[in-house]
Amino acid sequence: MTSPTPNPIDIAVGQRIRAVRELRGLTQTDLAKAAGVTFQQVQKYERGTNRVSASRLMLISHALGQPVSAFFDAVEPGDQDGLDLFAVSGSKALLEAYGRIETPDQRRIVVALARSLAGGEA
């Protein structure tokens with residue numbers, strides 16, 4: 001009998017696919033065409049609802065310009081790397097806006113604000 005909830009590893013792999021896809025500026029449709037599936041299937045992969053087969057992951061990795069191993073980095077519970085941050089909605093837009101801030105003082109203020117809002121040290 002299959003479990004009604006996705007496997008945490010499938011979810012982590014899907015989140016990494018989404019993060020890399022967004023970093024590359026690709027839509028789900030773009031990735032779907034490259035991988036030979038529908039965009040709905042890409043949505044299911046990214047949510048972890050459907051598992052990505054090894055052959056499909058190879059196609060996805062080529063389309064995204066990443067080695068297959070990149071989708072398994074930091075998949076243990078509690079592990080994180082910089083790419084995981086891009087799985088958070090709005091993170092790419094925030095980073096792009098931060099990159100357009102011209103003065104170091106203003107960048108420090110933005111970092112202090114973000115840390116404060118996140119409950120970390122200012």
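Modeller: Contact here means that heavy atoms lie within 4.5 Å. Please keep in mind that this is a predicted model.

Colleague: Which residues does Asp 10 touch, not counting residues up to four places away in sequence?

Modeller: Asp 10 touches Tyr 45, Gly 48 and Arg 51. Asp 10 itself is found in helix H1, residues 8-23.

Colleague: Is Asp 10 buried or exposed?

Modeller: Asp 10 has a relative accessible area of 16%. Buried means under 20%, so Asp 10 is buried.

Colleague: At what angle do H1 and H3 pack?

Modeller: The angle between H1 and helix H3 (residues 39-47) is about 120 degrees, and their axes are 6 Å apart. H1 is therefore oblique to H3. The residues of this contact comprise five charged, three nonpolar and two polar.

Colleague: Which residues in H3 take part?

Modeller: Tyr 45, Glu 46 and Arg 47 in H3 meet residues of H1, including Asp 10, Ile 17 and Arg 21.

Colleague: A new topic: how many residues has the largest nonpolar core?

Modeller: That core has 14 residues, and Ile 17, Leu 31 and Phe 71 are among those with the most contacts inside it. H1, H2, H3 and helix H4 (54-64) each give two or more residues to this core.

Colleague: What is Leu 31 in contact with, leaving aside its neighbours within four places in sequence?

Modeller: Its partners are Ile 17, Arg 21, Val 42, Ile 60, Ala 63 and Leu 64.

Colleague: Lastly, which element has the lowest mean pLDDT?

Modeller: Helix H5 (residues 91-99) has the lowest, at 82, whereas helix H2 (residues 28-35) has the highest, at 96. The protein averages 85.

Notes. Residues are numbered from 1 along each chain as its sequence is written. This is a predicted model: local features need pLDDT of at least 70, side-chain atom pairs count only at pLDDT 80 or more; totals for chains, interfaces and linings use all residues. Side-chain values use heavy atoms; hydrogens and water are left out. pLDDT is the predictor's confidence in each residue, from 0 to 100. Helices (H or I, at least four residues) and strands (E, at least two) are DSSP runs, numbered from the N terminus. Buried means under 20% relative accessible area, exposed over 50%, partly exposed in between (1.4 Å probe, protein chains only). Axes are lines fitted to C-alpha atoms, for helices over the stretch in contact, and angles run from 0 to 180 degrees between N-to-C directions. Angles under 35 degrees count as roughly parallel, over 145 as roughly antiparallel, 65 to 115 as roughly perpendicular and the rest as oblique. Ala, Val, Leu, Ile, Met, Phe, Trp, Tyr, Cys and Pro count as nonpolar, Asp, Glu, Lys and Arg as charged, and the others, Gly among them, as polar. A nonpolar core is a set of buried Ala, Val, Leu, Ile, Met, Phe, Trp, Tyr and Cys residues joined through side-chain atoms within 4.5 Å.
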